[in-house]
Amino acid sequence: MSVAPAYVKETSRIMSARGALLFVQSIPGVKYGEIVEIDLGVETRYGQVIDVSRDVTVIQVFGGTSAITPGRSVVRFRGETLKLPVSLDMLGRIFDGLGRPIDGGPPIVPEDYLDIHGAPLNPASRVPPSEFIETGISAIDGLLTLVRGQKLPIFSGSGLPHNRLAMQIVRQAAVKGTGEKFAVVFGAVGVAFEEASYFIESLRKMGALERTIAFITTASAPTVEKLALPRVALTAAEFLAWRYDMHVLTILTDMTNYCEALREISAAREEVPGRRGYPGYMYTDLATLYERAGRVHNKKGSMTIMPVLTMPDDDITHPIPDLTGYITEGQIVLSRELHRKGIYPPIDVFLSLSRLMKEGIGPGKTREDHREVFAQLFAAYAEGQYLRELSLIVGVESLTDRDRKFLAFADEFERKFINQGEYERRTIEETLDLAWDLLAMLPEEELKQISEKTLKKYHPKYRKSRQ
């Protein structure tokens, strides 16, 4: 946090304390989001104004309200919002939810202090996302293509390998082209201690740490720190994108923990609950985070966001994934059925979608055959899935030779295309070539989504005859 040169206002008229909330008699001029210093005599705590009315100001205290005594403790309003000290030296470092180093390294010497709530982008200055980001994961690059400036969440469930997938994307993601500066900002919200240790160790071991900034807060951290972390991470990402023209991929996990913290504070403030007890403004709150993604006219950099959330009871209609789906441009859904089969990453390609994929594929971006291969893979896998269900009723022996080929294709598609090693990185060319090898299992007359010109150029049979 930045240090204010002088205190603006102070009071000792504390009315009550409840959990992490402090209720103070209002004084004129106090602003929403303002940083507060609470002097206990023996120590100083910080907080943030989260509600202002004519009679009461509600302060969210970092570290809880124990030992705060009405009449004795002094509350000082600093006249500024929470700000993050930013510098290019943050790359390769690990911080907590308020931007304080937790990797044993020295404090950052800041180039600037930026408000964690960010500056709103003028809608007229936005550029439609259209440039490919290569994650090195076939199911994403080939079927759910991520583009620069997109918001593409990962919907997971308890026990599914979303953390491993997030780390793999951090490790492998890159932009195509020469001379492009690429960085990853990783934020972990309210994770268990074991998960925090896993993230920290993974980041230290991987070769991509020098281009990564990580923010990690555990489940035992103050609620306000969990609420601040996504905004702190996005502020660091904006600094790299708009100040240093970098293409930044921000991965935030687990946004369900963020929403639970939001619900906890809402309940403490005794607000009228919305769906399943979550505050009615949760949609707006999430939108203030996700809409920070994008591209801007006259700026070379870009902001891409991949939030990860676990769906309670695997319910995709739960308010958290439901509202996230309205705000973002698609979703990657992990399948428990594929996970049981031992397939990693267990991506359900039928429930998943990238709405901006068509803008980021094709000649000069991925490859000229990508669009047709994508359509054919989906069509053939859907046919294979239908026949898989049919065979459970009538038996495999009742299927025709043509049907059995589609059934075999569906099995191979899951085992070879979706399934991929955690440390295996495939280029988009390797992904598309693998897709062609699988499509070669089917009769040519069944490849109805592919033009004859593309077929003659890329089908393995014709490719080998030219060699």
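Valine 58 first. Its relative accessibility is 6%, so valine 58 counts as buried; the cut-off for that label is under 20%. Keep in mind that this is a predicted model.

Where does valine 58 sit? In strand β6, which covers residues 56-61. Now its surroundings. Leaving out residues up to four places away in sequence, valine 58 touches Leu21, Leu22 and Phe23, and also Gln48, Val49, Ile50 and Asp51. Take leucine 21 from that list. Leucine 21 and valine 58 are 37 residues apart along the chain, yet their C-alpha atoms are separated by 6.6 Å.

Next, a helix. α12 runs over residues 428-439, 12 residues in total. From first C-alpha to last, α12 reaches 16 Å. That is close to the 16 Å expected at 1.5 Å a residue. Which residues of α12 are buried? Ile428, Thr431, Leu432, Leu434, Ala435, Trp436, Leu438 and Leu439.

Now zoom out. The protein chain holds 14 helices and 22 strands. Of its 467 residues, 57% count as buried. Look at contacts with a separation of 6 or more: 72% of them join residues 24 or more positions apart.

Overall dimensions. The radius of gyration is 25 Å; a compact globule of 467 residues would have one near 23 Å, so the two agree. Along the principal axes, the C-alpha atoms fill a box of roughly 85 × 50 × 40 Å.

Last, surface and charge. The protein chain exposes about 19,800 Å², with 53% of that supplied by carbon and sulfur atoms. There are 57 positive and 61 negative charges, and their mean positions are 3 Å apart.

Notes: Residues are numbered from 1 along each chain as its sequence is written. This is a predicted model: local features need pLDDT of at least 70, side-chain atom pairs count only at pLDDT 80 or more; totals for chains, interfaces and linings use all residues. Side-chain values use heavy atoms; hydrogens and water are left out. Helices (H or I, at least four residues) and strands (E, at least two) are DSSP runs, numbered from the N terminus. Buried means under 20% relative accessible area, exposed over 50%, partly exposed in between (1.4 Å probe, protein chains only). Contact means heavy atoms within 4.5 Å. The expected span of a helix is 1.5 Å times one less than its number of residues. The radius of gyration is taken over C-alpha atoms; the globule rule is 2.2 Å times the number of residues to the power 0.38. Accessible areas come from the Shrake-Rupley method with a 1.4 Å probe; for residues, only the protein chains shown count as cover. Lys and Arg count as positive and Asp and Glu as negative; His and the chain ends are not counted. The place of a charge is taken as NZ of Lys, CZ of Arg, CG of Asp or CD of Glu.
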